[in-house]
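Take a walk through this structure with the model open beside you. We will stop at a few places and look at each in turn.

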Amino acid sequence: MRAGTLQPGHKLLSTRQLATNLKVHRRTVVQAYDELLAQGWLESHTGRGTFVTKHLPDMRPASGGTRSTVLPQSKKEAGFRFEKFSHLNRPVLKPVNRLHLDDGFPDPRLAPRADLARAYRSQLLQGNAYLRLGYGEAKGSAWLRQELSSHLNETRGLTTTADNILITRGVIMGLHLVSTLLLKPGDHVAVDSPGWFSATMNFVHAGATVSEIPVDEYGLDVSALEKVCEQKAVRMVYVTSHHHYPTTVALRADRRIALLQLAARYKFAVFEDDYDYDFHYLSKPLLPLAGADPHQMVLYCGSFTKTISPAFRVGYLVGPEDVIAELALLRRIIDRQGDQMLENAIAELLQTGVIQRHLRKSVRVYKQRRDRFCDLLKSQLRDSVSFEVPDGGMAVWTRFDPTINLTQLASRAIREDLYFSDATSEIEMRNNAIRLGFASSNLDELEESVAIIKKLL
């Protein structure tokens, strides 16, 4: 019928005749006819038989054309026009090799998976099913927002309530929502450089013009930002203040104060991406900008991606109540709500202290891995690399000798079942540097990985 072989009004064989011809059970044909009748392809008239419905458009094949009775299995190209955005053309990072010095991912082997499974099962099976399994608030689980508010206030010096928090699927969703709410085509956004390409993608997609502010060993150059503010009406500044991405340097205290003063003077929003605050190895973490912001200019964003594992998509955006309320309305049109079962399960782990204990253990383990990895880089690759030992985070920003082709080196390493970045981004190529993540590998795996790089060099 789709191909035009059977035209509107065509009378079909009886179910008995067609079953005999096809050598199948009659009930199979009856079922097929019933399905087509229900979908409106056929119409049945008592005493006359079954016909192709007359209401179908004329689907007669073009003259000289061939009729295909096999539908295509994969539709490669759309029949309508649409725009492809070059700024979105970036591969998704998903290492599958046995060994990996990744972008700075956590080790899921350390995650409290058994505790999380028990909590998830409890949320799924216990309590009022209508309430627990029904629609929830667009802001996210009220329980998680309350527990998270207490946790952030205690560990980061914030002063929040549950109404200051929007639960997201991660930092990327927070960036997208804020960009959609605050930015209009032509607005100016300042970002740290080198910086995180995924953040810039969101700003460009919103139509903003991006100004790159240099980063040195003390973080974002606030003096350079001030010069930009004197020339342009900056709408928002994006910053990774605690461990700058990708270099891992921390924004120095005097620059933090200066940044907040600039935000108040020029009335721009600050998006503070605190992607791995919990992993600091000197026991002296710098508190977020959001905790020292008297004028409510900072939107603070983080996630449980590094705390547990990237597979569990739960993040949070912290800000003034009026902004959070508006972002929740915006969130509804792209994602009605998150995984309420998972959010409640994480709330339970926060309430019972499981996540806090997991973080203390992880920090000890990751510090040991950082120390061992940096020792290996110094002893085995001293003539080829240079780096600063990071105070926190999960990766080392590693600069290679300019004569080393990192793209070729990464390709050869893949054949040895070792993954690390191939330095194809502009930032990596400009510095001949890549992030080498140590947290997701144990000590033996780190030794083996460095030995492979040494052999290839």
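Which residues do ring pairs link into a cluster? They are Trp196, Tyr245 and Tyr275. Keep in mind that this is a predicted model. Searching the whole structure turns up eight aromatic pairs.

A cis peptide bond joins tyrosine 245 to proline 246, with omega about 10°. Proline 246 lies in the loop between strand 8 (234-239) and helix 9 (253-266). Threonine 248 also lies in the loop between strand 8 and helix 9. Its phi is positive, about 75°, although threonine 248 is not a glycine. Threonine 248 has a relative accessible area of 11%, so it is buried. Most residues other than glycine have a negative phi, and most peptide bonds are trans.

Other loops hold such features too. Serine 193 and proline 194 are joined by a cis peptide bond, with omega about 5°. Proline 194 is in the loop between strand 5 (188-193) and helix 7 (197-205). Glutamine 296 is not a glycine, yet it has a positive phi of about 60°. Look for glutamine 296 in the loop between strand 9 (269-273) and strand 10.

Now turn to the interior. In soluble globular proteins, nonpolar side chains tend to be buried together. Here the largest nonpolar core has 60 residues. Phe304, Tyr316, Ile346, Phe373 and Phe420 have the most contacts inside it. Helix 12 (residues 354-380) gives this core its largest share, ten residues. Leaving aside residues up to four places away in sequence, phenylalanine 373 touches Leu101, Val396, Leu436, Phe438, Leu446 and Val450. There is also a second, separate core of 26 residues, and Leu177, Val189, Cys301 and Ile324 are among them.

Helix 6 (residues 171-182) comes next. The buried residues of helix 6 include Val171, Met173, Leu177 and Leu182.

Is helix 11 largely enclosed or largely open? Ten of its twelve residues are buried, so helix 11 is largely enclosed by the rest of the structure. Among the buried ones are Met341, Glu343, Asn344 and Ile346. They pack against helix 3 (113-125), helix 4 (129-132), helix 5 (142-156), strand 4 (165-168) and helix 12. Helix 11 covers residues 340-351 and reaches 16 Å from its first C-alpha to its last. At its start, a side-chain oxygen of aspartate 339 comes to within 3.2 Å of the backbone nitrogen of methionine 341. After helix 11 comes glycine 353, with a positive phi near 85°.

Threonine 307 is in the loop between strand 10 (298-303) and strand 11 (315-318). Its relative accessibility is 4%, so threonine 307 counts as buried. Not counting residues up to four places away in sequence, threonine 307 touches Asp278, Phe279, Ile355, His358 and Leu359. Aspartate 34, in helix 2 (residues 26-39), is partly exposed, with a relative accessible area of 44%. Serine 44 is ten residues from aspartate 34 along the chain, and their C-alpha atoms are separated by 9.8 Å.

Methods:
Residues are numbered from 1 along each chain as its sequence is written. This is a predicted model: local features need pLDDT of at least 70, side-chain atom pairs count only at pLDDT 80 or more; totals for chains, interfaces and linings use all residues. Side-chain values use heavy atoms; hydrogens and water are left out. A nonpolar core is a set of buried Ala, Val, Leu, Ile, Met, Phe, Trp, Tyr and Cys residues joined through side-chain atoms within 4.5 Å. Buried means under 20% relative accessible area, exposed over 50%, partly exposed in between (1.4 Å probe, protein chains only). Helices (H or I, at least four residues) and strands (E, at least two) are DSSP runs, numbered from the N terminus. Contact means heavy atoms within 4.5 Å. The expected span of a helix is 1.5 Å times one less than its number of residues. A polar contact is a pair of N or O atoms within 3.5 Å; within protein, one must be able to donate a hydrogen and the other to accept it, and residues adjacent in sequence count only if both atoms are side-chain atoms. Rings of Phe, Tyr and Trp (its six-membered ring) pair if their centres lie within 6.5 Å; planes under 30 degrees apart count as stacked, over 60 as edge-to-face and the rest as tilted.
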